[in-house]
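Today I went looking for open spaces in this protein and for the residues around them. Here are my notes, in the order I made them.

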Amino acid sequence: MKFGTKAIHAGVKPDPVSGAIMTPIYQTSTYVQEAPGKHKGYEYARTQNPTRDALQKSLAAIENGKYGICFSSGLAAMDAIIKLLKSGDEIIATNDLYGGSYRLITKVFGQFGIKAHFIDMFDPCAISKYVNKNTKFVMIETPTNPMLNIIDIKAVVKEANKHKLKVIVDNTFASPYLQNPLDMGADIVWHSCTKYLGGHSDVVMGAVITKSKSLADKLYFIQNAAGAVPGPQDCFLMLRGIKTLHLRVQRSCENAKKVAEYLKSNKKVSKVYWPGFKDHKGHKIAKKQMNNYGGMVSFDLKNNKFSSAKKVLSGTKLFALAESLGGVESLIGHPASMTHASIPKADRMKVGLTDSLIRLSVGVEDVNDLIEDLGKALSKL
Ligand SMILES: *Cc1c(COP(=O)(O)O)cnc(C)c1O
């Protein structure tokens with residue numbers, strides 16, 4: 001089955017009771033048993049829920065995995081993955097992980113004796129320098145937030161395999177429509193489904209997908225044992241969102257291309273970060289491992305001041321000033337004061353994350369309206 005067909009059909013069957021074409025919301029906490037131990041595979045809703053089952057199968061199919069395991073948020077999914085480790089184990093991660101991922105690894109798991117090295121992985125050979133007998137995971141994210149750096153997934157897998165390390169990829173920014181890390185040899189893929197998968201800014205959820213039965217068994221155990229499961233209503237909304245994933249992401253990519261080209265031509269703009277540009281550092285790798293360049297665009301202003309960025313951020317009418325990304329509506333954000341506020345200024349500046357850097361999540365509105373909106377805001381500078 002091709003992607004667009006899987007997005008609509010994988011994992012979902014007409015309801016056996018009524019024939020309802022949409023998977024019902026099984027809003028129940030428990031299931032009646034005929035006799036002790038004699039049941040239809042459902043005992044208690046933390047452990048199993050039919051709406052969640054359908055979603056988990058759908059997610060496994062669209063990531064070309066075998067097993068999907070859902071959690072109540074993206075970070076709950078990452079939390080479950082790190083719980084596969086034990087005290088003393090080490091992680092090698094990219095140095096521009098999502099801020100919440102960095103916080104979870106350092107502030108929460110650091111207390112339980114898990115050590116992490118955050119390094120630049122543009123050259124994956126760097127990984128080997130940090131490997132020792134305790135190293136277990138290589139954790140990456142590509143494209144990254146908000147600089148849209150690209151990491152070569154296959155090259156990271158090759159380097160990690162030399163040391164028998166598991167490779168874990170946060171595929172939130174690309175979505176399964178643009179990139180399937182399991183096909184490139186990654187062991188585990190995870191998502192903040194809150195973003196492109198849900199796509200309508202109305203659900204917070206996470207998911208882990210793998211081809212490995214032994215990893216999946218452990219993750220299902222953690223899902224039930226720790227209990228950070230999503231509710232059936234949210235699973236229903238996620239299934240509904242996934243049915244249009246390919247349409248939404250395709251249009252976002254087309255719109256982002258036009259927006260990036262427009263910004264490049266605007267005299268108030270100094271730099272535009274979008275992996276589709278030939279002069280983007282990761283362009284060649286993006287072209288190789290992604291089906292398109294994504295719906296995220298970051299840009300910097302010639303007048304490098306926070307006060308100028310503020311004018312643009314409060315000057316748009318269609319682009320709403322908000323955190324998050326991946327919804328049908330376009331969003332504008334200021335990484336230095338919003339998502340990356342906890343990172344010391346000197347560290348931010350080193351990677352180009354200036355006070356005037358602006359991040360866009362380009363939605364699926366008419367692109368001419370989006371460009372006009374940005375043009376008006378920039379003309380106020
Ligand atoms: C939002 C996000 C997360 C965290 O997911 P939540 O659903 O907010 O818990 C993780 N990684 C990336 C890249 C994100 O954008």
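A note to myself before I name any strand: strands are DSSP runs of E, at least two residues each, numbered from the N terminus. I also kept in mind that this is a predicted model.

**Entry 1: the second largest pocket.** I began here and read off a volume of about 530 Å³. I counted on 22 lining residues, and those nearest the centre are Met 147, Asn 149, Tyr 273, Lys 281 and Val 351. Which strand gives the largest share of this lining? I found that it is β8 (residues 269–273), with 3 residues.

**Entry 2: the largest pocket.** Next I turned to the largest pocket, with a volume of about 690 Å³. Its lining has 27 residues, and Leu 97, Gly 99, Tyr 102, His 340 and Ile 343 are the closest to the centre. Which helix gives the most to this lining? My answer is α4, with 6 residues. Helix α4 spans 99–108, and α11 (345–350) also supplies at least two lining residues. I sorted this lining into 11 nonpolar, 9 polar and 7 charged residues.

**Entry 3: the domains again.** I asked where the lining of the largest pocket comes from, in terms of domains. Domain 1 (3–242) and domain 2 (245–378) each contribute at least three residues to it.

Notes
Residues are numbered from 1 along each chain as its sequence is written. This is a predicted model: local features need pLDDT of at least 70, side-chain atom pairs count only at pLDDT 80 or more; totals for chains, interfaces and linings use all residues. Side-chain values use heavy atoms; hydrogens and water are left out. On a 1 Å grid over the protein atoms alone, a cavity is a set of points where a 1.4 Å probe fits but cannot get out, and a pocket is an open set with protein on both sides within 12 Å along at least five of seven lines; lining residues have an atom within 4 Å of a point. Grid points are joined across faces, edges and corners, and a volume is the space filled by probe spheres set on the points. Helices (H or I, at least four residues) and strands (E, at least two) are DSSP runs, numbered from the N terminus. Ala, Val, Leu, Ile, Met, Phe, Trp, Tyr, Cys and Pro count as nonpolar, Asp, Glu, Lys and Arg as charged, and the others, Gly among them, as polar. Domain bounds come from an automatic or database domain assignment.
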